[in-house]
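Q: Can we go through this one together? I want to know how the parts touch.

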Amino acid sequence: MNPLPLLSLVVFTPWLGAAVLALLRGISPATTRALTLAFSLSTLALSGLLLFQFDPHSLSPQFVERHPWIVALNVHYHLGLDGLSLLLVLLTGLITPAALLASWSHLSPSLPLPLSPSSSPRLFGSLFLLLQGAALGVFLALDFFHWFLFWELSLVPAFFLIKLWGGPGAPRAAYQFVVYTIGGSAFMLVGFAALFVATGTLDFAQLAQLGRDGTLAVKLSGGAHEVVFLGVLLGFAVKVPLWPFHTWLPATYAEAPTGAAMFLTGVMSKMGVYGCIRILWPIFPTPLHNAAPWLIVLALGGVVFGAFAAIKQTDLKRMVAYSSINHLSYCLLALFAVSYATDRNVATGPAVSAAFSGTLLQMFNHGLSAAALFACVGVLQTRKAHALSLPSSGTGVPPVSLHDFGGVRTAAPILAGLCGLSLFSSLGLPGLNGFVGEFLIFRGVFGLHPVAAAIATLGLLATALFLLTFWQRVFHGPRAGVTATAFAELNPIELATLLPLAALMVVCGLFPGLLTGLFNPLITSWADHLTLP
Amino acid sequence: MNALPLTIYVSFVGALLALAAGTRSHGAARWIALLTALTSFALTLLAASSFAPSPGLQTIIDLPWIAELGIRYHLGADGISLTLLVLTGLAATVGVLFSWNIEHRVGEFFALYLTLIGGVFGVFLSADAFTMFVFYEIAIVPKYFLIANWGSPATREHAAMKLVLYSFAGSALVLAGLLWANAAAVAQGSVSSFSLNDLAAAATHFSRGEQIGLFALVFTGFAVLAGMFPFHTWAPTGHVAAPTAASMLLAGVVMKLGAYGCLRVAMPLFPVGLAFWQPTIAALAIIGIFYAGFIALVQDDFKFVIGYSSVSHMGFVLLGLAAANATAVAGAVLQMFSHGVIAGLLFAVVGRMVYERTHTRQLADLRQLPLHRLLPFAALTFVLAGLASMGMPGFSGFPAELTILVGVWKTSPAWALFAGGGILVAAAFTLRAIQVSFFGSTPLSRVAASASESTHAGSLHHYEPITLAEKVGTALLLAATVYIGLKPDVLLDWITPALQSPLMQAALKGGSL
Amino acid sequence: MVPEAALVMGALFVLTFDLAFGRRRTLERRLYLAVINGTAAVVAAMYGAFSSGLADSVFGGVLILDELTMATRLGVLVLAWITLTLAGSTARFSHPAEFVAIVLFATAGFTLMAAAQQLLVAFVALELASLSLYILAGFDKSKPESAEAALKYFLFGGMSAAFLLFGFSLIYGLTGSIELHEISAHLAGHPPTPLLSVALVMVLVAFGFKAAAAPFHLWAPDVYEGAPVSSAALIASASKLAGLTLFVRLLWPGFGPGAGNVSTAAGAPGWLAIVACLSAASLLLGNFAALAQSNLRRLLAYSAIAHAGVMLLGVIAAGDAGNGPLFYYVFTYGIATVGAFGVIAVIERTTPCQRITDLAGLYRRSPLLTGCLAIYILSLAGMPPLAGFFGKFIVFAAALKLGGLAGPAGWLAILAIFLSAVALYYYLVILKQALVVAPAAAISGDTVTNRITVPADAAIVLVFAALILVVLGLSPSLVLRIF
């Protein structure tokens with residue numbers, strides 16, 4: 001056991017930062033910015049430390065902290081880290097500072113809005129750090145009680161970030177977002193209450209053990225097992241989101257301010273997938289297996305409809321939002337396919353490993369590329385606002401449409417380059433990071449459920465279609481619309497936002513082993529122990 | 001422990017002193033009230049610090065009172081009472097702080113207020129049904145005058161009367177039940193007694209019909225005060241019309257009296273009746289959760305939203321009681337505490353911080369005001385209280401709801417699923433209230449624009465700043481809800497052993513479907 | 001007989017004293033002196049009642065001195081004392097000494113009623129009291145309402161006296177005796193006859209009148225409204241206590257064998273069934289009619305009718321539970337009612353007090369009166385810890401013990417419990433005016449002159465009455481252990 005509670009530090013340093021910001025009245029916007037950024041970078045620094053001490057070959061969680069907490073509910077304060085968590089902690093560490101940089105204008109109240117809290121950089125910073133800490137908590141908690149605490153608490157800052165700094169439809173979108181998500185998690189809560197009744201524990205590892213050896217199915221008899229499974233599934237399905245529970249997503253992403261949208265798509269959507277892998281799959285192997293044929297259909301629905309819906313969009317943010325649905329559905333597709341194939345005498349081993357590696361990589365890569373895409377759209381949005389002499393932040397920001405731009409490539413080549421990189425990464429161009437994940441997923445799913453893989457290719461095609469449309473309409477052709485007048489190149493802050501993300505896309509595309517090395521042993525062990533009770 | 005009855009006497013004496021002082025100096029009456037409430041609170045905390053949980057009521061005083069009927073002045077406490085006593089002490093103290101600005105008939109206000117508090121303390125300490133009933137009724141009359149005198153002018157007289165008549169009708173049911181039980185016990189040859197233990201012992205020999213009838217009378221009587229659907233209508237109107245401190249006490253503590261009576265009297269005494277009525281109660285509780293929740297979702301009056309939310313939340317308490325197993329009941333008690341604190345906070349914000357500054361409770365008016373900017377402290381408090389009310393983890397509502405869900409699932413998974421839906425409804429109406437009241441849907445930039453155009457907007461809404469009393473009160477309640485949210489064990493360690501007593505075990509056994 | 005003697009002598013002394021020394025003094029002075037003398041007589045009577053001891057049979061069985069006698073005597077004397085004192089500080093009569101003397105005569109009738117154990121003495125005592133009360137009801141000759149009240153009271157009272165006498169004579173004819181225990185022995189040994197039923201019905205009609213039970217209640221609202229306040233207070237309190245003692249003694253020790261049974265659904269017929277019907281009718285009529293009243297005194301009258309319903313329930317229960325619950329109930333009711341009338345009397349010194357709204361803003365005009373009124377009214381409403389609550393409690397408990405919910409008695413108790421919730425409404429309407437509503441515009445103009453000054457002696461008795469309600473409420477055993 002590590003003498004220093006590293007994981008608690010990871011989780012609570014951002015919260016400490018939030019508290020500091022909340023308490024320090026009257027500090028200048030510059031100090032606020034610096035503090036916010038510093039605290040958000042703590043995650044990256046600490047995860048570097050974790051990376052250094054992490055042993056990829058150990059299959060059990062590391063840096064474990066476990067203390068008794070609520071005796072009556074047998075709750076322990078239990079944090080632990082394995083390859084999967086580490087990957088997502090890293091991702092959070094990367095995305096949050098980038099998102100903050102993308103929100104630089106929210107952190108510097110250039111506009112005299114005396115009656116608006118959006119003029120309070122301290123509030124923005126605190127909320128963001130709260131959000132970051134909650135997300136980290138979700139990735140590190142190993143006991144339902146505080147896992148759920150972080151899971152739900154993450155909604156609060158997100159709600160206010162969207163509502164107060166979002167677009168004109170933001171209040172409605174924020175409301176919808178939170179109510180949908182809580183609706184899902186309420187039933188998840190009932191499910192876990194039932195699990196506690198049956199097993200007397202809320203610890204994920206213990207529950208997974210009971211799930212694997214079939215005890216759970218015995219204890220939850222008479223249909224209760226399935227009901228509990230559906231409840232928990234619903235919680236995750238809304239969060240990811242799984243088609244058709246996705247309806248909250250496009251409006252939310254579209255209305256959210258750029259930084260929040262980056263975090264939502266980059267980190268928060270991963271919380272759902274993470275939950276499926278960490279909780280749903282290990283604890284409910286049999287119900288998931290039984291439901292897999294249907295769930296695969298739903299995941300395919302997300303892949304295909306997500307992509308086709310994106311084609312129909314002219315609003316760029318909505319387009320990227322739908323593409324998120326599409327990309328995350330790949331992850332779910334792979335997971336459900338693995339569950340489907342379990343015990344079906346399919347030649348599984350390598351396919352399962354491939355599917356899992358693909359899923360994990362896809363989570364990380366999509367986090368990078370989607371966040372980068374939102375950042376680019378955000379830049380385009382500020383340019384449009386500038387051209388129309390509107391405020392460049394707050395609710396007055398206009399939505400950006402495909403038809404607003406043209407020939408950005410000539411006006412702002414660096415922006416075009418970085419955006420193009422993100423687009424092609426998202427598209428899955430070989431050599432960039434997106435390719436590896438999607439390739440592995442397809443490889444795995446082909447081995448496990450060929451029909452699904454075949455249908456999913458439709459989604460690939462459609463993705464290519466709308467991303468290329470985006471690329472072509474906005475960056476190529478004659479300069480038109482907003483671009484027709486003066487169009488500024490990326491400023492240093494914007495560059496600082498995009499450049500690290502772009503660099504990582506390339507690095508991870510060329511050396512995926514850097515990441516897979518973290519979780520390969522874990523995945524191999526999952527693949528090796530793939531049986532139903 | 002042994003100092004707990006002092007809470008009752010201190011409150012009554014404080015009431016008299018406040019009444020006497022009020023004729024000369026308002027300030028003196030206020031300080032007397034505050035000191036009285038603080039003393040009671042300190043006494044409860046002191047008792048809590050030395051409390052050794054054990055099954056059954058720990059007798060503190062047991063004196064013969066009315067020998068002719070075998071009535072004893074019997075006070076005792078167990079973990080359940082202690083939980084609610086601490087809540088009462090806390091709510092009383094905070095209530096005084098939030099009534100600091102009362103200027104009209106101050107002495108009488110605090111006298112009635114402290115009488116109410118004393119009655120509540122008495123109910124939570126009683127181990128004899130008669131003693132409990134006496135305190136229960138003592139708590140009824142002050143409510144009328146608190147609302148009718150200091151409530152919001154438009155509806156206060158009607159609301160006060162409605163509230164008191166409902167309470168009194170409920171207590172009439174209880175009285176009928178107790179007298180019937182006593183008569184039936186005597187008819188069987190038992191010595192006349194109103195001690196809960198003796199009544200329970202005698203009730204084991206009652207016929208099934210008697211048990212069912214008695215349970216219906218006593219439970220319904222108490223449940224009226226707990227806001228059980230369809231007897232809840234007094235609650236929203238009463239809460240809305242009441243002055244802030246009274247709303248806080250009504251929703252925070254007085255509704256708990258009802259639930260406490262159900263748990264302490266109806267369930268252990270008549271377990272056979274409980275078994276019979278269990279599904280009905282659960283159904284009513286669930287209907288209450290949804291019905292009140294949906295009404296709260298469409299209310300135009302800010303305070304009505306909170307009023308109905310109380311009914312909805314008390315539905316969870318009743319559902320926990322109806323599930324009648326140790327976990328669910330422990331959760332219900334925890335929820336009583338939690339809701340007591342949270343309802344106090346919500347009413348404090350709506351009634352004191354917002355209404356007394358803006359003089360409107362209409363959401364349509366409030367959404368025009370950039371309240372989060374004008375009253376940031378109130379906004380922050382309301383957001384936190386709203387989150388706690390939604391059952392957000394980290395606040396006391398969450399462990400309570402989780403424990404109730406766990407317990408309810410043990411009895412009936414279907415009820416638990418309904419309760420899950422109820423959580424969603426609670427989230428929806430709370431969020432709407434937060435959204436509309438403090439963060440009105442008027443886009444901020446437009447507000448800002450109009451502010452710059454019409455110069456008055458910035459200067460017009462200069463509300464009196466939040467006072468120190470309000471801040472201290474808010475801090476106390478928030479600290480309580482967060483502390484219990486993170487350490488529910490503190491209370492569960494008291495409550496759980498209390499449920500091991502023979503009486504409670506009988507109730508829980510009767511309730512195992 | 002010491003109390004009666006003291007009272008009658010006192011009354012004569014009051015008259016003589018006034019005749020001798022009162023001529024040149026003001027009315028107020030004369031009243032004051034008369035009240036002092038009257039009070040002395042009452043105190044002497046109290047001493048006599050207290051020291052007379054217990055005896056089964058006095059004057060050859062004409063009177064009985066048991067616990068009920070003693071309690072009732074002390075009770076009526078306390079009530080008479082309160083009435084007298086209030087009258088002393090509030091009443092304005094042209095014949096003050098006569099008023100006091102008649103009150104003393106009436107009180108003598110009450111104490112005699114409390115002890116009567118023979119039909120003839122009972123009737124004489126009742127008439128002594130009643131005739132005095134008729135005069136008291138009409139004592140205020142300046143007000144036509146007072147005369148109307150007296151006439152109505154007299155007509156109904158005379159009728160009921162006729163019924164009673166007719167009933168007594170039938171009983172004498174059937175049993176050959178006017179001694180209660182002989183009547184009882186005869187009734188126990190013979191099957192009931194139709195004629196006996198007629199006799200019992202006649203007695204009960206008279207009883208219903210005395211107790212103001214529906215449907216014999218018609219006089220009550222008018223008398224309460226029209227009679228001078230002190231007279232109304234006496235009629236509402238002491239007269240009721242004495243009447244109930246008299247009748248409960250007639251009914252249970254006397255006609256007990258003909259009681260029948262109302263504790264089960266198919267009990268034997270008897271006078272209990274009639275009492276139960278009267279009780280139910282009074283409860284329903286009293287409580288619901290009171291809801292519609294806007295006149296304070298009429299409201300008190302209807303509330304009295306409702307209380308009569310509970311008292312009759314106490315009579316039903318007295319067979320098993322003894323007289324304790326009934327006495328406790330009637331006595332504490334009497335105290336609360338006298339107190340309420342006392343408050344009205346004190347207010348009337350300054351402003352008229354007929355309508356409920358006349359009480360508006362009382363809290364500003366006199367906190368003391370408001371506090372006392374609140375205690376009386378809440379006691380009437382049955383709110384703990386006041387005595388009215390425990391009175392109801394113990395009567396209902398006794399009634400339910402007759403047979404649980406197996407018979408009408410139990411259900412009657414349940415009905416009464418639920419109607420007490422109705423009753424709370426109209427009592428709160430009174431208190432709302434006194435405690436919540438601001439003073440009427442005409443009064444609120446100048447708060448100094450509109451403050452009501454409460455004479456010291458009135459204040460003392462009002463506080464005393466309130467204290468009795470609190471002390472007996474907290475410690476009912478003080479009274480109950482007598483029985």
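This is a predicted model: local features need pLDDT of at least 70, side-chain atom pairs count only at pLDDT 80 or more; totals for chains, interfaces and linings use all residues.

Q: OK, chains B and C. How many residues of each are in contact?
A: On chain B, 28 residues are in contact with 26 residues of chain C.

Q: Which elements of chain B give two or more residues to that side?
A: Three helices of chain B do: H5 (129-138), H6 (140-150) and H7 (156-187).

Q: And which one gives the largest share?
A: H7(B), with 16 residues.

Q: How do the residues on the chain B side divide by class?
A: There are 23 nonpolar, two polar and three charged residues on the side of chain B that touches chain C.

Q: Switching to chain C. What domains is it divided into?
A: Domain 1 of chain C takes in 1-166 + 219-245, and domain 2 covers 259-483. Their centres, taken over C-alpha atoms, are separated by 22 Å.

Q: How many residues of each domain are in contact?
A: In chain C, 27 residues of domain 1 are in contact with 31 residues of domain 2.

Q: Which elements give two or more residues on the domain 1 side?
A: In chain C, those are helices H3 (67-90), H9 (219-226), H10 (229-236) and H11 (238-254). H3(C) gives the most, with 13 residues.

Q: And the classes there?
A: The domain 1 side that touches domain 2 of chain C has 15 nonpolar, nine polar and three charged residues.

Q: Now chain A. At what angle do H11 and H13 of chain A pack?
A: About 155°, with the axes 7 Å apart. H11(A) spans residues 224-239 and H13(A) spans residues 258-283. The angle is over 145 degrees, so H11(A) and H13(A) are roughly antiparallel. The crossing is left-handed.

Q: Which residues make that contact?
A: From H11(A), Val232(A), Leu233(A), Phe236(A) and Lys239(A). H13(A) brings Met271(A), Gly272(A), Gly275(A), Cys276(A), Ile279(A) and Leu280(A). By class, the contact of H11(A) with H13(A) has seven nonpolar residues, two polar and one charged.

Q: What about H15 and H20 of chain A, how far apart are their axes?
A: The axes of H15(A) (residues 316-341) and H20(A) (residues 450-475) are 11 Å apart, at an angle of about 160°. That angle makes H15(A) roughly antiparallel to H20(A). Their crossing is left-handed.

Q: Which residues meet?
A: H15(A) has Leu316(A), Met319(A), Ser323(A), Asn326(A), Leu333(A) and Ala337(A). They meet Ala452(A), Ala456(A), Gly459(A), Thr463(A), Phe466(A) and Phe470(A) of H20(A).

Q: How many of those are charged?
A: The contact of H15(A) with H20(A) has no charged residues, with eight nonpolar and four polar.

Notes:
Residues are numbered from 1 along each chain as its sequence is written. Chains are lettered from A and ligands numbered from 1 in the order in which they are written. Two residues are in contact if their C-beta atoms, placed from the backbone, lie within 7 Å. Helices (H or I, at least four residues) and strands (E, at least two) are DSSP runs, numbered from the N terminus. Ala, Val, Leu, Ile, Met, Phe, Trp, Tyr, Cys and Pro count as nonpolar, Asp, Glu, Lys and Arg as charged, and the others, Gly among them, as polar. Domain bounds come from an automatic or database domain assignment. Axes are lines fitted to C-alpha atoms, for helices over the stretch in contact, and angles run from 0 to 180 degrees between N-to-C directions. Angles under 35 degrees count as roughly parallel, over 145 as roughly antiparallel, 65 to 115 as roughly perpendicular and the rest as oblique. A crossing is left-handed if the near helix is turned anticlockwise from the far one by less than a right angle, and right-handed if clockwise.
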